[in-house]
Amino acid sequence: MIVYGINPVLEALRAGRVTAIRIAERSDDRMRDVLALAATLRVRVERVAADALARQARGGAHQGIVADVADAIDYSVEDLVRGARGVPLIVVLDGIEDPHNLGAILRTADAAGADGVVVQARRSAALDGAAAKASAGAVAHVKIAQVVNIARALDELKEAGVWTVGLAGDAPVRYDAVDLAGPSAIVLGAEGSGLRRLVREKCDFLASIPMHGHVGSLNVSVAAGVTLFEAVRQRLSAAHERARS
């Protein structure tokens, strides 16, 4: 995979996944930090023309650097649950096709400390340079399970003791009224169409984020952030309650 931009390349270096780097003429502190880390890790760096980087980044904002990155570990749904650092918190994406939304969700999942993201191998945005750039490099750190069937993945989560919570604009229950302090998977549907019927039916709960303005819904990456950090809030509150008792 090719990633581009200072932050995505730096995070991929930190994750130990960069095999080679190509840079154009650029000299600033951030680039020097990247090159210093690359030297420490003995990653090969090649200087090339800026137009060569533009072609490799397919017109993306490469900021003078492109890297070859080894494929990520192929995780399963069970791996995500078993590898949870505490009470599992997982994100499931049902047909997210915009790489910028995918990247933004990965960035938020990393920031919220989620234990992994489940995506469908087909009919979803590619985990490529555009998604890596939008994720600000989080794609190098977030555990991702690519599955053939999202509905089946929800069954696997249930079998592992994880409650599945689908976001749907017409759900009568508010997102902050659902218990997200326990093992939870937040299920997000495609831009515009939302959750597919079978995926929606498989969810243990459906929840909505109330809209108080003129628009009818939030961007899916924003909805992911709202719900993930509500889960974080509930878990911190539960931990404080246990500490006091």
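## The cavity

The largest cavity has a volume of about 40 Å³, where a cavity is a set of points on a 1 Å grid over the protein atoms alone at which a 1.4 Å probe fits but cannot get out, and a volume is the space filled by probe spheres set on the points, joined across faces, edges and corners. Its lining, meaning residues with an atom within 4 Å of a point, consists of M1, V3, P8, A12, R17, V69, A132, G137, V139 and A140.

This is a predicted model, in which local features need pLDDT of at least 70 and side-chain atom pairs count only at pLDDT 80 or more, while totals for chains, interfaces and linings use all residues. Residues are numbered from 1 along each chain as its sequence is written, and side-chain values use heavy atoms, leaving out hydrogens and water.

## The pocket

The largest pocket, an open set of points with protein on both sides within 12 Å along at least five of seven lines, holds about 460 Å³ of space. Of the 23 residues that line the largest pocket, L167, A168, G169, S217 and L218 lie nearest its centre.

## The nonpolar cores

The largest nonpolar core has 50 residues, and I21, V91, L93 and L188 have the most contacts inside it; such a core joins buried (under 20% relative accessible area, 1.4 Å probe, protein chains only) Ala, Val, Leu, Ile, Met, Phe, Trp, Tyr and Cys residues through side-chain atoms within 4.5 Å. A second, separate core of 18 residues includes V147, A185, L195 and C203.
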